[in-house]
Structures are given as structure tokens and as C-alpha cells.
Amino acid sequence: MKKEIKKCVNCKSDFTVEGDDSLFYNRIGVPAPILCPDCRRQRRLAWRNDYNFYNRECELCSRKIISIYSPEKPVPIYCNKCWWGDGWDPKKYGRDYDLSRSFFEQYRELLDIVPALAILNDNNIASVGCEYTNYFALGKNCYLTMNSWKVENCMYCYHMVNAKDMVDVMTVFSNARNIYESIYVGESNSCRFVFNSESLINCAFCYDCRDCSDCFMSIGLRHKKYCVKNQQYTKEEYEKILGEYRIDTWSRSERVKKEFFDFILKFPRRPANFMNCVNCAGNYLVNSKNALNCWNAVRVEDSKFFENGDTIKDSYDCASGGEQELCYEGINPDNSYGTHFTSYCHKDRNVLYSDSCQSSEELFGCVGLKSAQYCILNKQYTKESYEKLKEEIVDGMKKGENGANSSRYRSRPSDTTKHWRKITTL
Ligand SMILES: [Zn+2]
Ligand SMILES: [Zn+2]
């Protein structure tokens, strides 16, 4: 298919819909976007609130809890135990669909009344001691660690996968242990101040180094031991130099930090950080193929406009998540297939325009459902009646009859989304 130049309806800049993009949109049955990639990304990320926590009360068990929803938000908030429990039925909020009204108005009304999960973690369910975490799963004893899973004993960290004993670290893309103040690290142990590096042991102040041990203040090393400022030393010489630097105190570390950043400025750097990638564009990608405009991700294939995740196939416009295929415009569509325009919907198949629906199939405009099928606005239908009504709603949206001038999204957690409420879609 031929590429097409379009004008973004928000920022008015030109953007290109490539032939491959059109094939993807046709394949999943959606029209080409009317916003440019940057505006789409901003709208998508306005759905997230990673770091702002508030004191709230669970409206089912009255327990005092931490929430990502500020107190003035109209939506009722349930603690993790209550939200995941059997003490409430989200289908109770189901209502008839009114074909004469905008879909988005009706969806927003539902979003305002179905109880929301206070904070997006699984503390006291599959995690232990991880109350102050968000976009988080399968952890133990973690504090202020976001967008992470399979982690233990981590503090002040972001985007960690399979990590243990970490403080002040951002992006661990595979097994790492005992790391302090580092960014983009894989398969490493007992390191501090290491950046864009993999397979390091006992290293400090290293940039773009791989398969090294006992190296200090170096850049671009491969398969080295006992190096300082990229110079080779004996074990005894190395230990003597390291002892003189005394990086075990905070003040000396701060001084060394300055010396390190001055030192690495003298060396050329790769234009982007890719490891084992083919035909990729973006930054911080690992083991990926045909991943364009993708950032901070591992095992991405034939996908575009994605950030922060693991194992992504044939998906466009998603932020965070793993094990997803044919997903489009989603926040955290974990373990999902064919979910479009969703937020925090996991283990789903063919779920559209939905929020916080889990282990479900064939939903449209639903909120908070678990193990459900053939529902629209949380109301149960038969397979035949679901498909007929869904088609009528989508036809109306495509013709602009019942939603073209309404906001597609209504962000519950973020306070920054008012601006986006006026953005049109479809
Ligand atoms: Zn734009
Ligand atoms: Zn509760």
C-alpha cells in the first residue's frame, strides 16, 4: 500500500502513515489515526499515574489505603483484596446501550461508577510487602518501585524485570542482583554506577561495557578484567588504585562521579543502544526485530510506537506490558491478544474500549469485569446479540454519528488529562 501524508488534528503537524501501517490498521479493522505519533503517545501516557499516591479509604471494607486516585475523583476506590474478591459484582453496573447517544459519553458514565482498583499492584495477592508500588506484579519487599515484575528487595526503582537487591536503578532487562544507582543493565551482579551495560561483576562507574569483571571508570570495554580508565592493570595494581579512590563513602563517590562523566565525554558513543537487534529504530532495545519508534523494550517484533515492555508482537501504540500480540492503543495489555483501546486489561482476547478487565474475551466498553464474555457496558449478551450490537456501535463511530466528537478516553488516575478530553478520534 502507498504511504499517506496526514495532518495531525491536534498539533497540525504532518505525519506519515506508511504502507505497512495501513496494512496493520486494515488487519485489525480500525481506520488510520488522525493524531500524529507524538500526540498519540501523549494521550496514551496521560492515562498513567506512576508516582503520585494519595491517602484514601476503601469504600467496601473502610480500610485506610494508598491510592493513585486523588480524593476528589468521583470513582469509588476498593483496596486490592476487596477489588479482586467476590464481595462485589461489576455486572451489577451493567446498562443498556443507547444508540442515539455517543458511545464515549456512556463509557465515561460507567467509568465513573464502577469501583476502581486503588493502586495497580498485586500486593497481598501474588506479592508480599509491596504496598507502595504501582504497575507492579510478583514481587517481595519492594518500596517505591514502579512498572516492574518478578522483583525482590528493590527500592526507588523503575522498569525492573527479574531483579533482586536494587536501590536507585532504572531498567533491568534480565537477571541482575545487587546493583546501585544504575541505568539499563542486564545479567549483572554487585555493581554501582553502571550504565548501558551487560554481564558485569564487581564493576563501578562503567558505561557501555560488556562481559567484564572488576573494572572501574571505563567505557566501551569487552571481556576485560582489572581495568581503570580503560587501562589494563594487574589484580594488585587494580586493588591499590580502587583503594585510593575510596568509593565506599558518599562524598568520594560524588567526586568520582564527576571525574567519570568528564572521562567518558572524550570517547565516541553509539548513536543508540541496541543489543541483538535487526531493522530497529528507537532506543534501549534488546533482542528485537522490525521494531520502529520503540523504546526501552525487550523481544519486540514487527511493532511500532511502543515503550517499556517485554515480548511484543504485531502491536502498535502501546505502553508497558508483556506477552502481547495484535494489540493497539493500550496501557498494559499484558498477556493479551487483539485488545484495542484498553487500560490495565490483562489476559484478554478481543477486548475493545475497556478498563481493568481481566481474563476476558469479546468485551466492548466494559469496566472491571473478570472472566467475562460478550458484554457491552458491563451488560451480558448472547454471542449473536453481542456481535450485532457491537457492529452497530462501531458503524456509528465510523460514520461519526455517535462519538466522533467526543473524547475517546477518560483518564481516571491522572490529573493531566483534561486537555485530552476534547481530542476526537475515529
Ligand atoms: Zn500531533
Ligand atoms: Zn477493602
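How many bridges join strand β1 to strand β2, and in which sense do the two strands run? I started my notebook with this one, working on a predicted model.

**Entry 1: the hairpin**

I found four bridges between β1 (residues 4-7) and β2 (residues 14-17), and the two strands run antiparallel. Looking across the pair, I saw Glu 4 standing opposite Val 17 in β2. The two strands form a hairpin, with six residues between them. I also checked the turn, where Lys 12 has a positive phi of about 70°.

**Entry 2: two domains**

Next I looked up how the protein is divided: domain 1 covers 4-45 and domain 2 covers 277-399. Their C-alpha centres lie 17 Å apart. Nine residues from domain 1 and 11 residues from domain 2 make the contact. On the domain 1 side, the elements giving two or more residues are α1 (19-28) and α2 (37-45). Of these, α2 gives the most, with five residues. I then sorted that side by class and got six nonpolar, three charged and no polar residues.

**Entry 3: one face of a helix**

Which residues of helix α4 are buried? In α4 (residues 103-113) I listed Phe 103, Phe 104, Gln 106, Tyr 107, Leu 110 and Leu 111. Looking down the axis of α4, I saw these buried residues fall within an arc of 160°, so they line one face of the helix. A reminder to myself: an α-helix has 3.6 residues a turn, so residues three or four places apart point the same way. I also asked what covers the buried residues of α4, and the cover includes β21 (349-355) and α7 (383-399).

**Entry 4: the core**

The largest nonpolar core has 103 residues, and Met 160, Cys 203 and Cys 206 touch the most other members. Strand β8 (residues 143-172) gives this core its largest share, 12 residues. I followed up on Cys 206: leaving aside its neighbours within four places in sequence, Cys 206 is in contact with Val 194, Ser 197, Leu 200, Cys 215 and Ser 218.

Then I stayed with β8 to see its pairing. It runs parallel to β9 (residues 176-186), over seven bridges, with Val 167 opposite Tyr 180 in β9. From β9 I moved to β10 (residues 188-201): seven bridges join these strands, which run parallel. Here Ile 179 stands opposite Cys 191 in β10.

Which strands stand at the edges of the open sheet of 10 strands? I wrote down the order, β15-β16-β17-β18-β19-β20-β21-β22-β23-β24, and noted that the pairing is mixed. The edges are β15 (274-275) and β24 (379-380), each with a single partner strand, so one side of each is left without a neighbour in the sheet. Inside this order I picked out β19 (residues 328-331) and β20 (residues 340-343), which pair in the parallel sense over three bridges.

**Entry 5: a closer look at Gly 330**

Gly 330 belongs to strand β19 and stands opposite Thr 342 in β20. Is Gly 330 buried or exposed? I counted 29 C-beta neighbours inside 10 Å, and 20 or more is the cut-off, so Gly 330 counts as buried. Apart from neighbours within four places in sequence, its contacts are Cys 318, Thr 339 and Thr 342.

Note on methods
Residues numbered from 1 in each chain as written. Chains lettered and ligands numbered in written order. Predicted model: local features only at pLDDT ≥ 70, side-chain atom pairs only at ≥ 80, totals over all residues. Domains from an automatic or database assignment. Contact = placed C-beta atoms within 7 Å. Nonpolar A, V, L, I, M, F, W, Y, C, P; charged D, E, K, R; others polar. Buried ≥ 20, exposed ≤ 12 C-beta atoms within 10 Å, placed from the backbone. Arc of directions from axis to C-beta. Pairing = 2+ DSSP bridges. Core = buried A, V, L, I, M, F, W, Y, C linked by C-beta atoms within 7 Å.
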